[in-house]
Amino acid sequence: MKITFIGVGEACDSRYPNTSLLVETKGQKLRQFLLDCGFTTPHLYFKNNDDPDTLDCLWISHFHGDHFFGAPLLLLRLWEMGRKKPLLILGQEGISRKIEDALDLAYPGFGRNLHYGIDYLEIEPGKDKEIGGVLWRAAENEHSQRAFSLRIDGGNKSVFYSGDGRPTPETLALAKGCDLIVHEAFRVEADTPGHGSVRGAIEFAENAGAKQLALVHIERNDRKKRMIEIEKIIKIDRSVSVFLPEPGDIIRL
């Protein structure tokens with residue numbers, strides 16, 4: 001399994017693009033999927049992906065703009081490039097209405113002109129889905145709106161992606177034994193309602209027994225002013241390997 005960090009930033013960060021992951025698998029029918037698609041995601045995705053039919057599916061963790069407002073541009077660009085096969089879009093209850101409303105707001109009437117299909121599939125906690133050899137499971141975070149963490153299992157490897165939100169007992173259970181956890185860490189300490197923290201994410205990953213933890217979605221001022229402190233925290237010897245990915249970084253499991 002190959003994971004590319006397309007973006008690692010929060011909504012208002014002018015230096016770091018919105019958090020989004022590109023996951024690629026081998027030996028599965030689903031070979032490439034995008035986890036979240038915020039304002040900045042489509043241009044960065046297409047910078048290194050010029051085949052309109054390569055992307056198999058899109059996952060949306062929740063309906064804040066830095067996680068799904070890039071979807072209309074993604075769909076437009078795929079149409080412009082001549083995509084032929086259907087695109088699968090996964091998310092919580094109401095995913096089809098949200099995407100179609102966003103598309104119609106961005107490009108009125110355009111959705112009726114797509115020459116490739118869009119298939120929607122709702123994934124809810126406790127309702128696991130096996131799609132193309134990949135198992136998809138979700139659990140709800142503590143956030144300002146309904147937001148899901150996601151676990152993907154494929155090819156004997158597993159990735160947990162938090163989306164936005166503080167951990168919950170349900171997300172911890174979901175993350176147990178993952179090869180890689182990618183968790184939002186908005187602040188160094190947990191002082192922002194509905195968001196995680198650097199220290200909290202590390203504790204979460206240790207309790208989950210994960211092998212690696214990537215910290216993303218760090219608040220821009222904490223990233224700028226407290227990076228020395230953050231780097232000292234992640235260098236402490238512990239059972240999980242902790243790192244701060246940069247946009248474009250790749251990890252292979």
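Is Phe39 buried, partly exposed or exposed? In this predicted model, Phe39 has a relative accessible area of 44%. That value falls between the limits of 20% and 50%, so Phe39 is partly exposed.

**Aromatic pairs**

The model contains nine aromatic pairs. One of them joins Phe39 and Phe69: the ring centres are 5.9 Å apart and the planes meet at 75°. An angle over 60 degrees counts as edge-to-face, so this pair is edge-to-face. The two residues are 30 residues apart and belong to distant parts of the chain. Phe39 is in the loop between β3 (32-35) and α1 (41-47), while Phe69 is in the loop between α2 (65-68) and α3 (71-80).

Phe69 is partly exposed, with a relative accessible area of 47%. Phe69 also forms an aromatic pair with Phe68, and this pair is tilted. Phe68 itself is buried, at 4% relative accessibility. The two pairs are set out below.

| Pair | Centre to centre | Angle between planes | Kind |
|---|---|---|---|
| Phe39 and Phe69 | 5.9 Å | 75° | edge-to-face |
| Phe68 and Phe69 | 5.0 Å | 55° | tilted |

Phe39, Phe68 and Phe69 belong to one aromatic cluster, together with Phe63.

**Charges over rings**

Arg77 lies over the face of Phe46, 4.5 Å from the ring centre. The charged end of Arg223 is placed over the ring of Tyr16, at 4.0 Å from its centre.

**The helix α3**

Which residues of α3 are buried? They are Ala71, Pro72, Leu74, Leu75 and Leu78. These residues lie on the same side of α3, because they cover an arc of only 165° around the axis. An α-helix has 3.6 residues a turn, so residues three or four places apart point the same way. After α3 comes Gly82, which has a positive phi, near 90°.

**The nonpolar core**

The largest nonpolar core consists of 29 residues. Those with the most contacts inside this core are Ile3, Phe5, Phe33, Leu35, Trp59 and Trp136. What does Phe5 contact, leaving aside its neighbours within four places in sequence? Its partners include Ser20, Leu21, Val182, Ala214 and Val216. Phe5 is also in contact with Phe243, Pro245, Glu246, Pro247, Gly248, Asp249 and Ile251.

How values were computed:
Residues are numbered from 1 along each chain as its sequence is written. This is a predicted model: local features need pLDDT of at least 70, side-chain atom pairs count only at pLDDT 80 or more; totals for chains, interfaces and linings use all residues. Side-chain values use heavy atoms; hydrogens and water are left out. Rings of Phe, Tyr and Trp (its six-membered ring) pair if their centres lie within 6.5 Å; planes under 30 degrees apart count as stacked, over 60 as edge-to-face and the rest as tilted. Helices (H or I, at least four residues) and strands (E, at least two) are DSSP runs, numbered from the N terminus. Buried means under 20% relative accessible area, exposed over 50%, partly exposed in between (1.4 Å probe, protein chains only). A charge sits over a ring if NZ of Lys or CZ of Arg is within 6 Å of the ring centre and within 35 degrees of the ring normal. The arc is that of the directions from the helix axis to the C-beta atoms. A nonpolar core is a set of buried Ala, Val, Leu, Ile, Met, Phe, Trp, Tyr and Cys residues joined through side-chain atoms within 4.5 Å. Contact means heavy atoms within 4.5 Å.
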